[in-house]
Amino acid sequence: MLLAIDAGNTNVCFALFKQSELVYTWRARTNSKYTADEWAVWLGQLLKLHNLSFEDIKETILCSVVPDLVGSLQEFCRHYINSTPLVVGNSSINLGILSKIDRPGEEGADMMVNAVAAHTLYGGPLLVIDFGTATTMSFIDADGNFCGTAIAPGVNCSLDALYNAAAKLPMISISRPKYIIGTNTVDSMMGGIFWGYVAMIEGLVSRARRECVERFNAQQIKVIATGGLGGLIKPATDVIDIYNPNLTLSGLAIIHERNK
């Protein structure tokens with residue numbers, strides 16, 4: 001079995017693949033102070049719940065946008081799984097696509113992994129939106145190459161900023177309100193955050209599509225979404241064609257297969 005690890009700013013996701021099929025996923029809160037032993041204790045207990053052990057895992061691949069996590073996760077893979085993980089971002093890894101930005105390598109590893117997965121699964125050209133700690137919208141051309149991205153604060157970052165800057169506003173969790181105009185504080189915040197965010201996505205997609213036609217001669221651009229909040233946003237707008245919550249994990253499995 002293959003263990004794919006996607007280490008993000010908010011969560012670290014561990015996924016098990018069996019013959020290219022995703023069978024289990026587990027998430028932990030990102031903690032850069034975790035040691036290899038702590039990762040092993042946490043994941044080992046979850047594996048036991050499914051009658052699995054580290055011995056069932058033969059290969060590993062790692063993608064991280066948090067540099068401080070890479071060392072402990074690599075050590076965990078080597079020591080407990082007896083596997084040296086492929087690390088996306090290393091020059092020895094063949095992604096099968098190119099980065100065409102001004103300084104290749106500046107883009108996040110997760111963006112490149114998403115580009116690989118989206119193009120492999122859905123063709124191109126594409127706009128790939130990742131609703132994570134930050135919301136990113138990347139353009140992938142017809143050949144699968146990463147051509148650039150737009151980065152905006154994530155929904156929860158916006159909520160945190162609103163709560164911290166306004167003394168009388170409470171901390172709320174994001175959900176879809178029935179109306180834009182609320183009649184109490186919480187509903188009013190919900191209306192502004194949720195529908196304002198939907199409007200931002202619709203505006204970005206509309207402008208990006210026009211821009212990509214002019215700059216890259218791109219036609220019939222599909223919009224693929226991923227990330228935790230993507231499942232909440234997609235039903236509220238018709239600009240997102242496909243929502244795939246496991247896009248990054250699928251990309252890691254695809255990259256691993258290309259580098260075997």
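Of the 260 residues of the protein chain, 48% count as buried. The model is a predicted one. Its accessible surface comes to about 13300 Å². Carbon and sulfur atoms hold 49% of that surface.

The overall dimensions were computed next. Along its principal axes, the C-alpha trace spans about 55 × 45 × 30 Å. The radius of gyration is 19 Å. A compact globule with 260 residues would have a value near 18 Å, so the chain agrees with that expectation. The fold comprises 7 helices and 10 strands. Among contacts with a separation of 6 or more, 54% are between residues 24 or more positions apart.

Strand S7 covers residues 134-140, and strand S8 covers residues 146-153. The two strands run antiparallel and are joined by 7 bridges. One of the paired positions is Thr135, whose bridge partner in S8 is Ala152. The hairpin of S7 and S8 has 5 residues between the strands. In this hairpin, Gly144 takes a positive phi near 90 degrees.

Another strand, S3, spans residues 21-29 and contains Tyr24. Tyr24 has a relative accessible area of 28%. This value lies between the cut-offs of 20% and 50%, so Tyr24 is classed as partly exposed. Ser138 lies 114 residues from Tyr24 along the chain. The C-alpha atoms of Tyr24 and Ser138 are separated by 27 Å.

The cysteines were then considered. The structure holds 0 disulfides. Cys147 is in no disulfide, and its nearest cysteine sulfur, that of Cys212, is 7.9 Å away. Cys147 has a relative accessibility of 13%. Because buried means under 20%, Cys147 counts as buried. For Cys157, the closest cysteine sulfur is in Cys63, at 18 Å. A disulfide requires sulfur atoms within 2.5 Å, so the sulfur of Cys157 is too far from that of Cys63 for a bond. Cys157 has a relative accessible area of 34% and is therefore partly exposed.

Definitions and conventions:
Residues are numbered from 1 along each chain as its sequence is written. This is a predicted model: local features need pLDDT of at least 70, side-chain atom pairs count only at pLDDT 80 or more; totals for chains, interfaces and linings use all residues. Side-chain values use heavy atoms; hydrogens and water are left out. Helices (H or I, at least four residues) and strands (E, at least two) are DSSP runs, numbered from the N terminus. Buried means under 20% relative accessible area, exposed over 50%, partly exposed in between (1.4 Å probe, protein chains only). Two strands pair if DSSP finds at least two bridges between them. The radius of gyration is taken over C-alpha atoms; the globule rule is 2.2 Å times the number of residues to the power 0.38. Contact means heavy atoms within 4.5 Å. Accessible areas come from the Shrake-Rupley method with a 1.4 Å probe; for residues, only the protein chains shown count as cover.
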